[in-house]
Amino acid sequence: MKPRWTGLLLLIAVIVVLALLPMLVNNFWLRIATGALMWAGLACSWNILGGYAGYINFGHSAFFGLGAYVTALLMGDKLAWPFFATLPAGIVVTALFAIIIGAPTLRLRGAYFAIATWAFAEVLIQFASVMDFTGGIGGIGLPPFLDERFFYFAMFGAAALTYLITWALFERSRFGLKVKALRDHEPAAEAMGINTSLVKLQTFVLSAVTASVFGAIFAYWVTFINPNSVFGGDITDQMVVMVLLGGLGSLWGPALGGVALFVVNRIIWMYWGDTAFYIAILGAAIVLVVLFLPNGIAGLFSRRGAKSGAVLDKAVGNLAGDGQGGPS
Amino acid sequence: MSTNSKGFSRRRFLSVSAVAFAAGPLGMPFVRTARAQVATFKAGVITSLSGENILGGNLTKRGYDLWAEAINAKGGVEVAGELFKVDMFYGDDQSNPATGADAAERLIVQNEVDVLFGPYTSGSTIAVQPICQKYQVPMISGSAESPNVWKAKPEFNFGIIPAVDTTAGKSLAVLAKLSNPMAKTIAVIGVNEPFSKETGEGFRDGAKEAGLEVVAYELVPASGDLTPVISKIAALNPDIVAVGGHEEPLINVVKTSKSLNFRPKALIMHYGVTDPAFAQALAADADGTCGVSVWLPSVPYKDDVFGTAREFAEMAQKKSGHEPDYTEAACAASGLVFGDAVKRLGKKPVLTPEDRVALKDAIAETDIQTFYGPIKFEKEGNHYHDNVQPVPVLIQIQGGKTVAVGPKEAAAADLTYPLPAWK
Amino acid sequence: MVPALDLFLQTLLNGLLIGGVIGTFTIGFQLAFGVLHVIDFAVGGWVVLGGYLGYYMAAGLGVDGFLAIPVAFVLFGAIGYLIGPILYNVRNSRTARPELMALALTFGLFTLLRGGMLTAWGFNTHSVPTALSGESLAVGPVTVPLIRVAAAVFAIAIAGGLFLFLYRTRYGLAIRATAENRQNAALMGVNIRRLSANVYGLYAGITAMAGVLMGAIFSVNPEVGLRYTLFAFFVAVLAGLGSVGGALVAALLLGVIEAFVATYVGSSYSLLAIFATLFLVLLVSPRGILRHGL
């Protein structure tokens, strides 16, 4: 029971520090913290499908962008909705898209699913670039709201909610067990009477909807979006790398990976922002982590890290999609 | 950090990385940079040092740096008879508007800059404007050319280059007038990315005014293959082909046209033709390509920091190894606007928040002559705070060199028209 | 001739040649995937490296860009051979999801290459001059760009050469056996680790050779790599991962779609159309159009 108590104390300490942060740091660091919370939340959102269900989504930026575009379009001059009214609208639109896209694509396995979702995100980029109502490639501006604290607490709230839902659903409920079962052996899960298609779709929609909320806040925060800035593949790439660095399929791994990668990126960018060399440093850092921290940062802290790795090792789903590529 | 410490020493790498990682993400917020003992002006540069817009981003940075070097060599910016040096700070926007906003916030809050020099891309500029507004810090944009930047009526942002909707069409009209026999038809290609699309629209709308018939207007995706669109246009055989894009797609347009043996009577492209890298990459195939420029080393302007336009060009050439284009010149001129405004304001560093608002008002009243040309900002309308004074010059690459061919009073050589067949 | 028919034929030719061009950098990728089971983000990085080699050889030594092709194969093949074992170790490590860690490794490698090239070689766009650059041949009403024909011939030759190598040599048999079933191949005495290094070297060499051609047809700067990675992934999946012959077929299909949509619907819709096609094909045929090949 002792470790649980220290864990709880640590969690409370983190929450207190985060709640007090706006009083402790200046606006620039608050902005960085806002970004870090967003990425921690997005990494968790990706991990819901990637880590718990074992489906690698290369087009997750599609849902981030949908949330951003719905908010931007509704808050524009013509409709001028208040920000909070756009959030449920974004959630509904994203959920509908996720159901329509998820139902057929979730039949695909491994890399085929990954590339199909990527293709979907590219379709949305091209669509938003060509259409007039989305502002085309020029993008859309939003009415600027310049309160850094508001956005900090909005991201904080969204991230906290995302982690709470993930914890409750995937670490503490039967639903989580079903999802993990289908990840570890889909035919077996089906044989046990789990409606795997439904469970996968529910997980996919949850993952999509959480990403869209961050997209909505992001659009309002940055005040300007265009197709590449919210649908771009680099957004998904970052989520994937953050989850892998933090620890795939663990609750806190994505938070650690998201915060670490974003903050290290920004620190390197601050000191070497006048050359492109920081990109090389970032690349080298990723290579080193893969080589020396293969279970992610979370693997360093938990004794279970190695063990759960061994269990997962036997997982059928691998990117080859044919069950032969995996080691045994 | 000073402008000439761009070299990357190993010691700096080690010491900075040690600090960065030892201080750590939580420790960093409390580390504050001490103000230098000698008062200086601090200027922040936001531009694309990585990502898809690196070429333009580096051009922009070079222009701003040229001013900092020139002014520091003279002892600094003069205020009330005293000279104050300028410190430059940089933020990479990674060719991404959101990172541009982060960079602006950092330069203002962390580095406490007195003025910002604006990004290369219009997208970043639009994202940075609200940050300038929030902190009431003026920004001088030496590069942004998109009309969208000024439509939003940014209170704190000022543009040195006339928006492309005013320049692209005018240059096309000059080209049509000079063509003999007179051109009748035109095909317009716009690469579907923010600035290039607006350039394409500028050409399209300008064509109608110039009395040219637009036989095709095609938007192409930035990473698409150009053979289909060039084939389609070749089949329509227009007199002029006009292309809005950045240097990489422009280079590909020329290569693809040649490989399909299609040579229109005139080819006009914007932006990137004026950058020497374009002619270097294409060698002889670049010859004959027309472009739009609001400045050339041959223009008859001067000021007391850089001297004549020619002298500025030589200084830039010495530093970067090739002739500067108009973006570099406009960025260098941005510094002159700051120097002039702060001198009129008469406030020494460190500027207070009230001083910066007053500085913004002083910049709005700018009316100066520089090596780049006259600078005066619009006070209303669709080009609010943009400097629409410069008259665009039609240039053509001849023998690997950029020369002015129109309008007549600016021409240094005759327009080659129609273009000869490919060699 | 009827102008409409001329344009149709030209569009068809353009499409097939776009397919040939895409095929050049997809074939090696399929081979590497078939054996290593790694989705290699760095594929665009190898293309860009090949393009730079072509540029520097042509600019520095004044030789024809085509001479860089064999050099690219040897040089980057050797580098790939050295990287191969590292990738193999990560792919076969006892971590939670080794195939994802391998993906992250190649993403890191790609980022490292991009940052390194930006720092070392700058950001200017360059072009690789060759004897065929800009040359064309008029065949009836159709203009044939010769450099693209060279790329298509290269793609077919590489695919054919690989086919012969895989199906007519003992080493090819070992590669196919490994792609089919790693354990059985190992039991039969194949040194999988060594073979993986060789295959990764072969792939890196082939892809860098294609990069020289890309530099000649288009142009090269450190930021264009991701575009090639994207197309390599999409063509590979459309074909069926690991299928070398399928890669050519899928590349031709996408090329023809791109050309026809751009000519007859509107250029701005061309990429929308090919990404939508890929998405729809996957829904109908979940493992690509041609599953077998290697």
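Author: The buried residues of H13(A) pack against helix H11 (233-246) and H12 of chain A, together with helix H4 (68-91) and H5 of chain C. Buried here takes 20 or more other C-beta atoms within 10 Å of a residue's own, exposed takes 12 or fewer, partly exposed is in between, and the C-beta atoms are placed from the backbone. Helices are DSSP runs of H or I with at least four residues, strands are runs of E with at least two, and both are numbered from the N terminus.

Reader: Is this a predicted or an experimental model, and how's the numbering done?

Author: This is a predicted model: local features need pLDDT of at least 70, side-chain atom pairs count only at pLDDT 80 or more, and totals for chains, interfaces and linings use all residues. Residues are numbered from 1 along each chain as its sequence is written, while chains are lettered from A and ligands numbered from 1 in the order in which they are written.

Reader: Back to H13(A), which of its residues are buried?

Author: A:Tyr278, A:Ile279, A:Ala280, A:Ile281, A:Leu282, A:Gly283, A:Ile286, A:Val287, A:Val289 and A:Val290. H13(A) has 16 residues and reaches 23 Å from first C-alpha to last, close to the 22 Å expected at 1.5 Å a residue. That expected span is 1.5 Å times one less than the number of residues.

Reader: And what does chain A give to its contact with chain B?

Author: Chain A puts in 31 residues and chain B 35. Contact means C-beta atoms, placed from the backbone, within 7 Å. On the chain A side, the elements giving two or more residues are helix H2 (27-52), helix H5 (110-130), helix H12 (253-272) and helix H13 (277-292). By class, that side has 16 nonpolar, 13 polar and 2 charged residues. Nonpolar covers Ala, Val, Leu, Ile, Met, Phe, Trp, Tyr, Cys and Pro, charged covers Asp, Glu, Lys and Arg, and the others, Gly among them, count as polar.

Reader: How many residues go into the contact between chains C and A?

Author: 43 from chain C and 45 from chain A. Helix H5 (98-121), helix H10 (225-239) and helix H12 (270-284) of chain C each give two or more residues to the chain C side. H5(C) gives the most, with 16 residues. The chain C side divides into 26 nonpolar, 11 polar and 6 charged.

Reader: Switching to chain B. What's its secondary structure?

Author: 13 helices and 18 strands. The radius of gyration of chain B is 22 Å, close to the 22 Å the globule rule gives for 423 residues, so chain B is as compact as a globular protein of that length. The radius is taken over C-alpha atoms, and the rule is 2.2 Å times the number of residues to the power 0.38. Buried residues make up 61% of the 423.

Reader: Which strands make up the open sheet with mixed pairing?

Author: 7 of them, in the order E9-E8-E10-E11-E12-E17-E18 of chain B. Pairing requires at least two DSSP bridges between two strands. Strand E9 (213-220) and strand E18 (401-406) stand at the edges, each with a single partner strand, so one side of each is left without a neighbour in the sheet. E17(B), residues 393-398, is joined to E18(B) by 5 bridges, and the two run antiparallel. B:Gln398 has B:Lys401 in E18(B) as its bridge partner.

Reader: What about the sheet with parallel pairing, which strands are in that?

Author: 5 strands of chain B form that open sheet, in the order E4-E1-E5-E6-E7. Strand E6 (residues 139-141) is joined to E7(B) by 3 bridges, and B:Ser141 stands opposite B:Gly159 in E7(B).

Reader: Last one: where does C:Gly140 sit, and is it buried or exposed?

Author: C:Gly140 is in the loop between strand E1 (136-139) and strand E2 (142-145) of chain C. C:Gly140 is exposed, with 9 other C-beta atoms within 10 Å. The C-alpha atoms of C:Gly140 and C:Asp6 are separated by 8.9 Å, though the two residues are 134 apart along the chain.

How values were computed. Two residues are in contact if their C-beta atoms, placed from the backbone, lie within 7 Å.
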